[in-house]
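Here's a quick tour for anyone meeting this structure for the first time. Have a look at it, then read on.

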Amino acid sequence: MSTLTGRKIANSYKNLLQVETSNTDLDHTGDIVYFGGTTSMDNGKIYHYKSDGTWELADADAVATCDGLLAVALGAASDTNGMLLRGTVTLDHDPGAVGDVLFVSTTAGQATATAPSGNTDIVRVVGYCLDASNGQIWFNPSSTFVEVSA
């Protein structure tokens, strides 16, 4: 790993290869960061990086919880276990069917194949489903989002 301004960033050739993960929750390959000082995280959930430098569960019910940097928690502590910014990962839930576009869900920390549709919900693509029953996804959050006006 290399250190940049006191923040550890995974820098391993292994992480350059993107392969479909196994059906074991939290199996992953991709771009991982180790910062945020957040503990008691829910493994396999999607988090939003807050302006105070910590992580919170991403939730499509509010722009403030899904408008910036998103990552999947790879354990209980962001600095120790890491946060997957982009790559393949097996989530702790099944978000859809093979090939489905995935969005931030109105269920905090989850992805869903159904775009949020309630007034002021946020529609943001976070990746694509690779398996219909094991939670395997390609996680690559879009930097753009839309607020629903219903």
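## A ring cluster, and what surrounds it

F35, Y49 and W55 are linked into a cluster by ring pairs. Rings of Phe, Tyr and Trp (for Trp, its six-membered ring) pair if their centres lie within 6.5 Å, with planes under 30 degrees apart called stacked, over 60 edge-to-face and the rest tilted. Keep in mind that this is a predicted model, where local features need pLDDT of at least 70 and side-chain atom pairs count only at pLDDT 80 or more, while totals for chains, interfaces and linings use all residues. Residues are numbered from 1 along each chain as its sequence is written, and side-chain values use heavy atoms, with hydrogens and water left out.

**The overall picture**

- The protein has one helix and 13 strands; helices (H or I, at least four residues) and strands (E, at least two) are DSSP runs, numbered from the N terminus.
- Reading from the N terminus, the order is β-β-β-β-β-β-α-β-β-β-β-β-β-β.
- Of its 150 residues, 42% count as buried, where buried means under 20% relative accessible area, exposed over 50% and partly exposed in between (1.4 Å probe, protein chains only).
- Take the contacts (heavy atoms within 4.5 Å) between residues at least 6 apart in sequence: 58% of them join residues at least 24 apart.

**The aromatic pairs**

- Searching the whole structure turns up three aromatic pairs.
- F35 and Y49 make an edge-to-face pair, because their ring centres are 5.2 Å apart and their planes sit at 70°.
- This pair links distant parts of the chain, with F35 in the loop between strand 3 and strand 4 (46–49), and Y49 in strand 4, 14 residues apart.
- Y49 also pairs with W55, this time tilted, at 4.8 Å centre to centre and 50° between the planes.

- Strand 4 pairs with strand 5 (residues 55–57) in the antiparallel sense over three bridges; two strands count as paired if DSSP finds at least two bridges between them.
- Strand 4 is also joined to strand 6 by three bridges, again running antiparallel.
- H48 is placed opposite E56 in strand 5 and opposite L70 in strand 6.
- The hairpin of strand 4 and strand 5 has five residues between the strands, and G53 there takes a positive phi near 85°.

**Strand 12 and its partners**

- Strand 12 (residues 136–139) pairs antiparallel with strand 7 (residues 83–90) over four bridges, and Q136 is the bridge partner of T90.
- Strand 11 (residues 125–129) runs antiparallel to strand 12, with three bridges joining them; C129 has I137 as its bridge partner.
- Strands 11 and 12 form a hairpin with six residues between them, and G135 in the turn has a positive phi of about 75°.
- D27 lies in the loop between strand 2 (7–9) and strand 3, and its relative accessible area of 29% makes it partly exposed.

**The nonpolar cores**

- A nonpolar core is a set of buried Ala, Val, Leu, Ile, Met, Phe, Trp, Tyr and Cys residues joined through side-chain atoms within 4.5 Å.
- The largest one has 20 residues, and I46, V89, V126 and F139 touch the most other members.
- Strand 3 (28–34), strand 6 (70–73), strand 7, strand 8 (101–104), strand 11 and strand 12 each supply at least two residues of this core.
- Apart from it lies another core of nine residues, among them F35, W55, A73 and M83.

**The helix and S78**

- S78 is found in helix 1 (residues 78–81) and counts as buried because its relative accessibility is 0%.
- Leaving aside neighbours within four places in sequence, S78 is in contact with several residues, including F35, W55 and M83.
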